Each structure stands twice: as C-alpha cells, then as structure tokens.
Amino acid sequence: MLALNPTSIFVLPQNPKPFSFSRISNFITRAISKFPGESDSDDSPDEITGRRSNYSGVKLEETVDVNTGKLRLDSWVSSRINGVSRARVQSSIRSGLVSVNGRVTDKVSHMVKGGDDVNCTIADLKPLRAEPEDIPLDIVYEDEHVLVVNKPAHMVVHPAPGNATGTLVSGILHQCSLPTVSFPGEEVRSDVKDASDDELNMSSVMYESSVRPGIVHRLDKGTSGLLVVAKNELSLADLAEQFKKHTIKRVYVSITCGVPTSVSGRTDIPIGRDTNNRIRMAAIPGSPKSGKSRHAVSRYKVIEKLAGGGAALVEWRLETGRTHQIRVHAKYLGIPLMGDEVYGGTKNMALSLLQPRTPPRIHGKLSELVSRIERPCLHALTLGFRHPYTGENIHFTRLPPPDFAEILTELRAISTEKVKGAADCL
C-alpha cells in the first residue's frame, strides 16, 4: 500500500452548472421517505432498504410466568412482542400506556416478577424533525452534486429519539441552506444514552431511522472519518449502485486490543443479530442462507504492533457493508477495538493485555491512558468513488482526530514494531 498524505484529492474539472436550493430541498424531502436506516461503520444500501413494521396500537395482556425471576418492565415487554424496539416500548411506558396489576407504571426500570399481570399498548410513532443547525462541519469537498464530510467522533448521523439535535443531517441542512424537514417516525433502535436505561448506556449501538437526506452510507456515532452525501437524485442512485457493486474504496484504521494470530487476512464470516443481545450484532459462522445472517467480508492488515503486542494499529478494507462489520469481525478475530465497550474492547480488557507486556513503572500511565478512551478507536481514513456526474475517480484521505492520534502516539512511545511489508498509513 502506498503511503497516504493527510489530504489526497483528485480535483474535478471546474465546469459547475447552476442549481437550485429548492430543488435540493425537494429531493431531500423525498429521500427521507425512501431511505430508512442508520448508524454503523459502513452499511451499504442493500442493508438498509427494508422498513420495520409499525407496531402502533399493538396490545399485550399477559401474566408474567411464575418461573421468571425479576426483570425490568421494558425488557420483559420487549421480549413478549417480537421485533418491537426497546426504545419504542420505553416510549409507551413513559406515555402511561402500560399497567402492572392494574396500576399504571411510567417507570421503564420497574421490576416485574412471576404472577404480575401486565397490560400494554404500544404508543403511536411520533413525528421526528430534522432542524437546520449551525454546526461546524469539516467539509472536505463539495460541488452541486456531492458533499464529502469528515465526521467527528460522538456525532450521530441522523436524528432519532434521544438524539434529535446536533446531528450531521442537521448540520448539512444548514450548510446547504435548507429548511426544517418533518417526517413520520419509524420503529428504531436508538444510538441513545438513556440515563434511565443502564443496559443501553454504552458507547454505540445500532439503530434504524427514516432520515436519509442523500447519505448513502453510514458511520457509527463513535466512528470518525469520511462520509459522502448525495445532493440530488441522480447522484444518490449512482453512488448507491457503486456501493452495491462494492466499487467504492473504503479504508479504515483502528487500534485493537492485542494482535491477531495472522498479521493479515480475509475474514469471510456472516453477520446477524446477536440472539443474546438484540442491540448487538454477531459473527455467525456457516451459510447465511437461513436468513439469520448476511454475507460479510473484511480484509485486515496489521501495520504496527504497539506496546509489546498489547495493542496494534490495524488497517481494514471492506468488501461488504454490514452493520458494525469491522467491530464484529475484530471481536471474532479476538482483537476487539480498543474502547469498544459493546464488542469486548473494554478498559479492563485493554489493561489486561497491556500491563503484562510493559514495565510495572508505567502501569499507572497506562491506566490513565486507557481511562481517557471514550469511543471505539476506529476511523474512516480513505474514501474513493467515481463522481456520479463527471465520471472522474476522486479520492480523499483524512488523518484520525486528536483523541485517536494521542492514544496511538502514547502506545508507540512505549514500543512499536513495524510489520514487515506494511507501509505507513498514518
């Protein structure tokens, strides 16, 4: 692999044509109703075209099994209505639509036990609004057809319950001088940190949303890096086709807990919903024909072994785009991304690998370093595609943000070993 510069752009011919903001606004409004889905390292369009059912008005009248131990009310109701999201159940509880033993209960964490009679009606979907917001965006490239943005970590791409403001979509609406967009709500799994829901209080979980103003692929809330936005229907259709054919160039870099057994490889393991935790995905070996998983392929290469092998800088190239693909495949390989609390890259895991490989005198420093990690160490480094209007191949690279760079620098300072044959990527 060739060394990458901080910015690498093949400049398009300068032949701009007049365009209308009202035309873009109309396109975005239509696109919202056409393209559901949100939030992951990189989902391709075929991953996100299906809509979830509308559970509005669904009723549940049931007695908790006598053999059931104590369970949170929202967890129990979610388990009894197949496919409904926890966020939707919580909204119903808070709206006063759930009673236990004849008494309305609006606390999602209320504990139910065997013998309790539960009566629940799923609330109507509430409309969501995408408001233009003056949010500073790192615009890498923009013309009348496409926009490439360097998304910061911790920014949610689309509005959803619990993340109605401060989203990338709101920033883009302001950037393009577009109006507020209203749309019907949909069944979602939110990228929400809900203080009343400890089980969802994690760095990043998958969710689906109907807001897709020309955003053809997606990045997790915790993932930083490059993302392309289509500004008209022709561009959207063309880019979607490129993603479907897997001709888009996507290179990610991560810091992992530990080093894989093989320093490079191709992981061809289907991905599906984790049956033990529905807000997570899982690697599911075997044929994906059962419908419980989808074909997923990632290529990886270790660039550097860090801190005596307690960590590694790893490059990823995607052949498919599935929900949480890199994070799931990294876990499957036994090298969860550092800082990925959902998929095993916890602070304790990081320290358990780093401390035995480093001198005791720096263990305090290591603890302080690991304590500062607030998101999965994953960055979308490179994005390349064929421009949907000119046909030119364009290519962009953005180096990781300071939080990622500081972790990498400090791990390198402990020790670093370049892997033979691996070129510098950072």
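This is a predicted model: local features need pLDDT of at least 70, side-chain atom pairs count only at pLDDT 80 or more; totals for chains, interfaces and linings use all residues.
Residues are numbered from 1 along each chain as its sequence is written, and side-chain values use heavy atoms, with hydrogens and water left out.

Helix α8 (residues 363–371) packs with helix α9 (residues 402–414) at an angle of about 160°, their axes lying 11 Å apart; the axes are lines fitted to C-alpha atoms over the stretch in contact, and angles run from 0 to 180 degrees between N-to-C directions. This arrangement makes α8 roughly antiparallel to α9, a term applied to angles over 145 degrees. The contact (heavy atoms within 4.5 Å) is made by K365, L366 and L369 of α8 together with I407, E410, L411 and I414 of α9. By class, five of these residues are nonpolar, none is polar and two are charged.

For "active site", an unreviewed UniProt entry lists D220, although such annotations may be inferred rather than shown by experiment. D220 is placed in the loop between β10 (181–183) and β11 (224–230), and its relative accessibility of 1% means that D220 counts as buried, that is, under 20% relative accessible area with a 1.4 Å probe and protein chains only.

Helix α6 (residues 325–332) has six of its eight residues buried and is therefore largely enclosed by the rest of the structure. The buried residues of α6 are Q325, I326, R327, V328, H329 and A330. Just after α6, G334 adopts a positive phi of about 85°.

Definitions and conventions. Helices (H or I, at least four residues) and strands (E, at least two) are DSSP runs, numbered from the N terminus. Angles under 35 degrees count as roughly parallel, over 145 as roughly antiparallel, 65 to 115 as roughly perpendicular and the rest as oblique. Ala, Val, Leu, Ile, Met, Phe, Trp, Tyr, Cys and Pro count as nonpolar, Asp, Glu, Lys and Arg as charged, and the others, Gly among them, as polar. Buried means under 20% relative accessible area, exposed over 50%, partly exposed in between (1.4 Å probe, protein chains only).
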